[in-house]
Amino acid sequence: MSATTDCFADATGGVPDAEWDRLADGRFYSSALWLRLCAMAPGSVSGGVRVATSGGGQAAIPVAAVRDEPNPHLRWHDMLTARGLPSPAPEGILVGQRRGYLAHVLAGEGGDPTAAAAAVLDAVRALRSPLHDDPKIARVAMYLTTPDVIALREAGVRTAPVALKTDAWIEIPPGGWDAWMESLSPHRARRIRSEVRKFEKVGYEVRHSTLAGSWRDVARLLARTELRYGRSVDVAPMAESFRRQGELAGSRAEVVLCSRPGEPPIGFCLYYRWGDTVYLRAIGFDYDKLGSAAEYFNLTYYLPARIPGVRWLHAGTETAEGKALRGASLRPLWLLDLSEDSPLAGYDEEIRQHNQSLLTRLRDSSRAVAGALEDELWEPYC
């Protein structure tokens, strides 16, 4: 498959969903379903690259042609300049998906990571954008994991990776809830059990639904949460977006709601189950009606953790300490400029200083965060 604008034929570059998912190999945020959900959001043109590798296999990666990207967490120019680093121009090709903040080079089960990275790198550098006439636009990968960065560097990327955020994962042992409590320190287990008791004492009714069956409540409660933090939103377009997501995702998009008996829901958590992993997506509350009963933690972590067969909760970025206190491990996510003439070339020392500074701030922020950092994933570039 040539790296042309044909890659922007649809969210997977015209690759059938089953073939794309074989290469994604269980990585939900790289799955065809998630990429099609991302493509619903305005502001960019989503696509996908699939190429043959030197070893006779195949590799793939999501891409998006970016112009005036509305999501601040994808504006590489703003993020790099805020860190005092040189940056490519703000328009170009985003390498990785547009939501979810966890990107991978896809090689399928047993694929050679370096061969896949080399094939993807060549394809991305040759890719033409449907939004830009200049072939020398930026090509920036965001929210890559450490193994993917290592593979791309071995494949020929000259720039150093820039640490962006922590990525939180909570492991649920095979024994489920009871085994999870046993795996935690006594202090953390007591904290969690206390928060569960507070929640149960209030007498909330808990209901499990799909997004297709609860999108109105989800939009209403998320708007209330945004308002609490000073962000006024129009509920109607938000509700329509959730309706469309629910229609496409079907049973994959699940929602847990809580309410007082006989009343409308006052809290929700939206998540996706993929294999043995729950990917937490959104949470919202009518805060004026809560009972100060650890509703956030119960809906976000403790109820999903008790779903039969769940072995991982992917809690994503932000609020590192709250997640660490509940047993999460914290892995780094990186920005890597794949452009051949990257302005970051030659700034390895400055980038390493930035990365080390972020890691130091995290270690110094709390004992829980320091203990949750997976040091071996940070240290290659810090």
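Predicted model: local features only at pLDDT ≥ 70, side-chain atom pairs only at ≥ 80, totals over all residues.
**Entry 1: the largest pocket**

I began with the open spaces. The largest pocket has a volume of about 1900 Å³. I found 45 residues in its lining, and Leu222, Glu226, Arg281, Ala282 and Ile283 lie nearest the centre. Then I looked up which elements give two or more residues to this lining: helices H2 (32-38), H8 (215-228), H9 (235-249), H10 (295-305) and H11 (320-324), together with strands S8 (267-274), S9 (277-285) and S10 (312-316). Sorted by class, the lining of the largest pocket holds 25 nonpolar, 13 polar and 7 charged residues.

**Entry 2: the second largest pocket**

Next I turned to the second largest pocket, with a volume of about 500 Å³. Its lining has 27 residues, and I marked Arg27, His104, Thr145, Pro147 and Asp148 as those nearest its centre. Two or more residues come from each of helix H4 (113-126), helix H5 (146-154), strand S5 (162-171) and strand S11 (329-337). Which element gives the largest share of this lining? I found that H5 does, with 4 residues. I also noted the classes here: 14 nonpolar, 8 polar and 5 charged residues.

I picked threonine 166, which lies in strand S5. Is threonine 166 buried or exposed? Its relative accessibility is 8%, and the cut-off for buried is under 20%, so threonine 166 counts as buried. I then listed its contacts, leaving aside neighbours within four places in sequence: Gly316, Thr317, Glu318, Ala320, Leu330, Arg331, Leu362 and Trp378.

S2 is mostly covered, with 8 of its 9 residues buried. How do S1 and S2 pair, and over how many bridges? I read off an antiparallel pairing over 9 bridges, with S1 spanning residues 44-52. As a landmark for that pairing, I noted that arginine 50 stands opposite alanine 60 in S2. The hairpin of S1 and S2 has 5 residues between the strands, and there glycine 56 takes a positive phi near 90°.

S2 also pairs with strand S3 (residues 92-95), in the antiparallel sense and over 4 bridges. For this pairing my landmark is valine 66, whose bridge partner in S3 is glycine 92.

How many cavities of 30 Å³ or more does a search of the whole structure find? I got 1. The largest cavity holds about 50 Å³ of space. I wrote down its lining residues: Ala11, Leu35, Cys38, Ser46, Gly47, Pro62, Val63, Gly96, Gln97 and Arg98. S1 and S2 turn up again here, as H2, S1 and S2 each supply at least two of the lining residues. By class, the lining of this cavity has 5 nonpolar, 4 polar and 1 charged.

**Entry 3: the nonpolar cores**

I finished with the cores. The largest nonpolar core has 78 residues, and Leu152, Trp180, Leu299 and Leu338 have the most contacts inside it. H4 gives the most to this core, with 7 residues. I looked up tryptophan 180 in more detail: beyond its neighbours within four places in sequence, tryptophan 180 is in contact with Ile170, Glu171, Ile172, Pro173, Ile192, Tyr302, Ala305 and Arg326. A second, separate core has 47 residues, including Ala219, Leu257, Phe268 and Leu335.

Key: Residues numbered from 1 in each chain as written. Heavy atoms only, no water. 1 Å grid on protein atoms, 1.4 Å probe; cavity = no way out; pocket = protein on both sides within 12 Å on 5 of 7 lines; lining within 4 Å. Points joined across faces, edges and corners; volume = space filled by probe spheres on them. Nonpolar A, V, L, I, M, F, W, Y, C, P; charged D, E, K, R; others polar. Buried < 20%, exposed > 50% of the residue type's maximum accessible area, 1.4 Å probe, protein only. Contact = heavy atoms within 4.5 Å. Pairing = 2+ DSSP bridges. Core = buried A, V, L, I, M, F, W, Y, C linked by side-chain atoms within 4.5 Å.
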